[in-house]
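Welcome, and please open your viewer with a cartoon display. We will go from strands to side chains, one selection at a time.

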Amino acid sequence: MEFGVGSVLEGKVTGITKFGAFVSLPEGKSGLVHISEIAYTYVNDVKDYLQEGQEVKVKVINVDDSGRINLSIKKAQDPPPRPAGSGASRPGSGGRDSRPVGFTGPKKPAEPQTFEDRLKQFMASSDSKLSELKMNEKRGSRRGNRK
């Protein structure tokens, strides 16, 4: 039996480590399921999901030049359904709002609508910057004139 990438096989968990689980495959071969390939949710401890001797369905995701077989449990099963209402506003999904779901940080202030409002905002910002520059010049000239 050839263990090509994409093959879905039955195996038995033979060992558990902090970084994943070793699975025995047919024909005396074995492979590693990395901790990131165990479940579609965050896995903090492999032992919360797997036990030695447990039968698992795995998918071959890579066979390197040394013959090591990398496996995935989560890719051997269908992904869980998405919660309702989480499609359009997810990052990178092309939705209107590219902020992460649940983000409630500060929003941009509303832009002034009329020309007069924009001019007032510009003048206030300009005056603030000018007064800050003048204060910095006064401080700098005091420091340079010490005798």
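Two strands pair here if DSSP finds at least two bridges between them. Strands (E, at least two residues) are DSSP runs, numbered from the N terminus. This is a predicted model, in which local features need pLDDT of at least 70 and side-chain atom pairs count only at pLDDT 80 or more, while totals for chains, interfaces and linings use all residues. Residues are numbered from 1 along each chain as its sequence is written, and side-chain values use heavy atoms, with hydrogens and water left out.

**The barrel.** Start with the strands: five of them form a closed barrel in the order E1-E2-E3-E5-E4, with mixed pairing. On average, neighbouring strands of this sheet are turned by 50° against each other, direction ignored; the axes behind that angle are lines fitted to C-alpha atoms.

**E1 against E4.** Now select residues 8–17 (E1) and 55–63 (E4), which pair in the antiparallel sense over five bridges. Which residue of E4 stands opposite Leu-9? It is Val-58. Next to that, colour Val-8 and find its bridge partner in E4, Lys-59.

**On to E5.** E5 covers residues 69–72 and pairs with E4 in the antiparallel sense over four bridges. Five residues lie between E4 and E5 in this hairpin, and Gly-67 in the turn has a positive phi of about 90°.

**The core.** Switch to side chains. A nonpolar core is a set of buried Ala, Val, Leu, Ile, Met, Phe, Trp, Tyr and Cys residues joined through side-chain atoms within 4.5 Å, where buried means under 20% relative accessible area, exposed over 50% and partly exposed in between (1.4 Å probe, protein chains only). The largest such core has 19 residues, and Leu-25, Val-58 and Leu-71 touch the most other members. E1, E2 (20–24), E4 and E5 each supply at least two residues of this core, and E4 gives the most, with three.

Centre on Leu-25. Leaving out residues up to four places away in sequence, Leu-25 touches Phe-3, Leu-9, Glu-10, Ser-30, Gly-31, Val-58, Ile-69 and Leu-71 (contact means heavy atoms within 4.5 Å).

**Last stop.** How many aromatic pairs does a search of the whole structure find? There is one: Phe-19 and Phe-22, edge-to-face at 6.4 Å centre to centre, with 85° between the planes. Rings of Phe, Tyr and Trp (its six-membered ring) pair if their centres lie within 6.5 Å; planes under 30 degrees apart count as stacked, over 60 as edge-to-face and the rest as tilted. Phe-19 is partly exposed, at 38% relative accessibility, and Phe-22 is partly exposed at 33%.

Key: Axes fitted to C-alpha atoms, helices over the stretch in contact; angles between N-to-C directions.
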